[in-house]
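Trainee: I'd like to zoom in on a single part of this one rather than skim the whole thing. Pick a helix and go through its surroundings with me in detail, please.

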Amino acid sequence: MQYLALWIVIGGLGMVAVFHLYWATGGRRGADLVIPRRPAPLGGAPLFHPSPLGTLVVALFLAGVAVLAAVVYNGADITLSWRWNRVLLAVCGAVFVLRAIGEFRYLGFFKRVKDSPFAFWDTRLFSPFILLIGLACMAIAARA
């Protein structure tokens, strides 16, 4: 079970990290679908404009969580003790689960703003995927 969880985390976060690297280096394809927007009556403007540096930091975080999952799965203690690596991975998993639940307005399963391309994809792809990643991280971290 943990082996499958490991490959879900490594493959999923690796793929998403590559997308973020693409956007950080100036790529535009798909970028308009991954940023929440204000409701149409308020102009439909993006909620934020990510900088290339911020997008690169997100890519590095995602890749780092994938590496951390592999480290925990293999029982290595490269930087911290194995126990602290497990705790850190569980915290990252919890953060992903909380993102999937959302902040009740623009993000997650319980969002109220549902009339944007982002909301469409967030409901059908982003939030379920992020929930799966979060649960997989916690399953790896729970491995004794």
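Mentor: What follows is a walk along helix 4, then out to the parts around that helix.

Some housekeeping: this is a predicted model, where local features need pLDDT of at least 70 and side-chain atom pairs count only at pLDDT 80 or more, while totals for chains, interfaces and linings use all residues. Residues are numbered from 1 along each chain as its sequence is written, and side-chain values use heavy atoms, with hydrogens and water left out.

Helix 4 covers residues 117-142, 26 residues in all (helices are DSSP runs of H or I with at least four residues, numbered from the N terminus). From first C-alpha to last, helix 4 reaches 36 Å, close to the 38 Å expected at 1.5 Å a residue; that expectation is 1.5 Å times one less than the number of residues. There's a kink to look for, too: helix 4 bends by about 55 degrees at threonine 123 (the angle between axes fitted to the seven residues ending there and the seven starting there).

Buried residues of helix 4 include Phe118, Ala119, Asp122, Phe126, Ile130, Ile133, Cys137 and Ile140, where buried means under 20% relative accessible area, exposed means over 50% and partly exposed is in between, using a 1.4 Å probe and protein chains only.

The relative accessible area of aspartate 122 is 0%, yet aspartate 122 forms a salt bridge with arginine 99, with the closest N and O atoms 2.7 Å apart (a side-chain nitrogen of Lys or Arg within 4 Å of a carboxyl oxygen of Asp or Glu). Arginine 99 belongs to helix 3 and aspartate 122 to helix 4, so this pair ties together parts 23 residues apart in sequence. Arginine 99 itself is partly exposed at 21%. The structure holds 2 salt bridges, and aspartate 122 also makes one with lysine 111, with closest N and O atoms 3.0 Å apart. That lysine 111 sits in the loop between helix 3 and helix 4, 11 residues from aspartate 122, and both of these residues are buried. Phenylalanine 104 is partly exposed, at 44%.

Step across to helix 2, whose buried residues pack against helix 1, helix 3 and helix 4. Helix 2 has 22 residues and reaches 32 Å, close to the 32 Å expected. Among the buried residues of helix 2 are Thr55, Ala59, Leu62 and Tyr73. On the helix 1 side, histidine 20 touches Thr55, Val58, Ala59 and Leu62, leaving aside residues up to four places away in sequence. Histidine 20 counts as buried at 17%.

Tyrosine 3 and tyrosine 73 have ring centres 6.3 Å apart and planes at 55 degrees, so they are tilted. Tyrosine 3 lies in helix 1 and tyrosine 73 in helix 2, so this pair bridges 70 residues of sequence. Ring pairs bring Trp7 into a cluster with Tyr3 and Tyr73. The charged end of arginine 143 sits over the ring of tyrosine 73, 4.6 Å from its centre (NZ of Lys or CZ of Arg within 6 Å of the centre and within 35 degrees of the ring normal). Phenylalanine 61 and phenylalanine 96 make another tilted pair, 6.2 Å centre to centre and 45 degrees between planes. Phenylalanine 61 is in helix 2 and phenylalanine 96 in helix 3, so parts 35 residues apart are tied together. Phenylalanine 61 is partly exposed at 39%, while phenylalanine 96 is buried at 9%.

How values were computed
Phe/Tyr/Trp six-rings, centres within 6.5 Å; stacked < 30°, edge-to-face > 60°. Helix = DSSP H or I, 4+ residues; strand = E, 2+ residues; numbered from the N terminus. Contact = heavy atoms within 4.5 Å.
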